[in-house]
Amino acid sequence: MSAMDPTEVFRQEASELFEVLEGALLDLGQRPDDRELVDSAFRALHTIKGSGAMFGFDKVASFTHEFETAFDRVRKGEIKPTQELISVALAAKDYIRALIEDPQSTDDIIGEAILDDLKRFVSSDRPAAGVAEIVEAPPLAPVHSKQAGWHLYLEFESHILRNGSNPLDLLDDLCKLGPCFVVPVTDGIPFLDEMDPEDCYLKWDVKLHAACDKAAIDDVFMFVSDEMKLTLSPLEQVEAPAPAPLFQLLDEEPAPVVEMPTPVVEVVAAPVAVEPAAKAEPKPAVKPEAKLESKPEAKAEAKRDDRGIATVRVQAERLDELMDRVGELVIAQARLTQLAASGSDLSIKMIAEEIERLASSLRDTTMGARMVPIGSLFGRFRRLIHDLSRDLSKPVEFVTTGEDTELDKTMIECLADPLVHLIRNAIDHGIEDTATRMANGKTEQGRIELAAVHSGAQVLVTVKDNGGGLNTARIRAKAEEQGLIAAGAVLTDHEIHQFLFHPGFSTAQTISALSGRGVGMDVVKRTIENMRGSIDLSTRSGEGTTVTLRLPLTLAIIEGLLIRVGEGRYIIPLSAVEECIELTAEDERSRGRNFLNVRGKLVPFLKLREIMTASGTPDRHQKTIIISTGETHVGLVVDQIIGNHQTVIKSLSKLHSDVTIFSGATILGDGTAALILDVAQLVALAQSKVEKQHISEAA
Amino acid sequence: MATILTVDDSPSIRQMIKVVLEPAGHSVIEAGDGAQGLAKAQAGKLDLVITDLNMPVMNGLELIKALRKLPSAVGMPIVFLTTESNDAVKQEAKSAGATGWITKPFKPEQLLAVVAKLVRA
């Protein structure tokens, strides 16, 4: 951590803040009246400004300041955030981001143009000049004037509490006049045995940042004026032109902690005033503040302080390393368990069990540390949808659910591109244009739902649109045209839709700038399958399409089913296993017709002995493992089912990149390697066999 | 919200206090003189006492002193109503243990402001 460049820390923090800002701005487009969103956007801006100045991003600080000032009327609720304003604000955000991430890539002119735009929108009903000044500071904010507040020293008579006056209430009232910085003076507190619990020993030193009348202060203390000593002196100047109390940060309130003569016993002040003190600790340049991920909720910023303490930012590579070590540990532990099981030494067995328990909890903890809520990913698409919906003039409502669902961070990274593609497809091809929607009696606004939900050891991510649905006839025609199926072949709609995942398959009549570039559906499928996930789509004509991604929770360690075929041992990911049944003699007899009867349903099966060209005699009782990818079930015939195995996945070398039916390898307890079967490929293989059979039977 | 005892020999003043404070969510208990007021204060926990000074049987000053001797009334705010807004009376009542005062005649807002100042949710 200490080796990390503080500027880098700021960049990371800023990029999280940008997500908060962008989220808040986009939400504002939907709910322009939500003050919480405005505040959240401003908090993010303000932090960027404050930290930017601290880390030498002067341009960022000055631009953000201008931006903040121009946007001030929105914050005060004087003008509503219109779509134009939000677009400008988003552009400004992008500009600030560029300033931070790659200052060379941008120019001051862009910033000036954005500010001009902003001022024009903001001041549509008022001259621009009036906007840029903070003349009308909100009542709570410090005012730019010679006298910026009051310095009070409060000393109450000791019996004050007994007579029903509560100094804390009085301080509360004082805080209502404006932001207060209250420091209790504790030097009057006697030793415990001399102390009367009903007496008041505390004195207070208060800085009131409000240019209110002296009468207003006297009013606060009207009942106790004869029972207290009040020293009142005007405060010369506000330390910094703080725009608003909510955003008051340490960097604008020069080290108020230093002024504290004694430890704080009780600080009574508006939350604003307490904040600088609370912020003081986590604020130094190399602050250990961090989270593993950013949470884009609007309130994220508000909770910053707590999270800063509760979380630590760790470099991703370190987590990967840790995972590798845990993987090795799990393998070593498997060997130990095997060794202990073969011996008769009870104490070794006990130790082996203990280590097994520890290793598995260490594995779970490590995997947990790598988990990131998928919400951070979802947040990115809001901008995409906002822009696409504008470019295509298709108003789209974007709904996300299950943002809290956690996935391995590597998965989150890998998911971004496929999801971008699916969302583009959904808007470009799924959602109809407004005229068509109206004609079909649908709402003018389309709807895209992005949802994530846990399902066993898997996470389901769905992209759902309420557009026109897939055009099955057109897909079929295209498939026939490309020679993928024989004309007139009997296929279910579901089977026809699978052609969408064929490389080079596109039914788009015109290739638009949006969907024509980037990855295709086949690449999406491949990416998901590389993550040991599966993709499935369902559609209802006129009602929309749902694409479902099933993903394992992690890429590093999976629960596997260890099986034996001939001499070789293999792993089937347990998440794909539906059930294990014995291959009956009757099934065995139906040679050539590779179907099993599973409770009245025909399931194609593959004999792994044949695929692996295993030597030796097969076991007498062959077992069948039913695996599935979504809807499709396939049986795998094996010699022996050995049992569950904690599978630490090792990828195959590049030399084996053309091996399709294996997705990786693992090391077993005895040190030998076992290959991990690629379920999706096996299912595809079984299906192609079935199709060939169909064709040969038809011939 | 708060339980407030109003002690006054004039029912109309008590009524006025009741009419102002009850809509603000407080529950108001009435007493016609200091002795009654003390009995009510002994009977249950109060958040605030608003008392007149000139009353029969036991006057406001005596009530305040008596209340301050009750263990349950330590730190309880006591407000007195006074027509003579002169400092001598105030001083006397304050040294007897009163927390604040309201000068008669008062407007509902003034009463509410004083109550809000002394009674916290």
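The term pLDDT denotes the predictor's confidence in each residue, from 0 to 100. This is a predicted model, in which local features need pLDDT of at least 70 and side-chain atom pairs count only at pLDDT 80 or more, while totals for chains, interfaces and linings use all residues. Residues are numbered from 1 along each chain as its sequence is written, and chains are lettered from A and ligands numbered from 1 in the order in which they are written.

Select residues 125-145 of chain A first. Here pLDDT stays under 50, and the model has 36 contacts beyond four places in sequence; two residues are in contact if their C-beta atoms, placed from the backbone, lie within 7 Å. Residues 238-309 of chain A likewise have pLDDT below 50, with 128 contacts beyond near neighbours in sequence.

Next, select strands S19, S12, S13, S21 and S20 of chain A, which in that order form an open sheet with mixed pairing. Strands (E, at least two residues) and helices (H or I, at least four) are DSSP runs, numbered from the N terminus, and two strands pair if DSSP finds at least two bridges between them. Strands S19 (640-648) and S20 (662-667) of chain A each have a single partner strand, so one side of each lacks a neighbour in the sheet.

Zoom in on S20(A) and S21(A) (residues 673-677), which pair in the antiparallel sense over 5 bridges. In S21(A), A:Leu675 is the bridge partner of A:Ala665.

Finally, turn to the contact between the chains, to which chain B gives 13 residues and chain A gives 10 residues.
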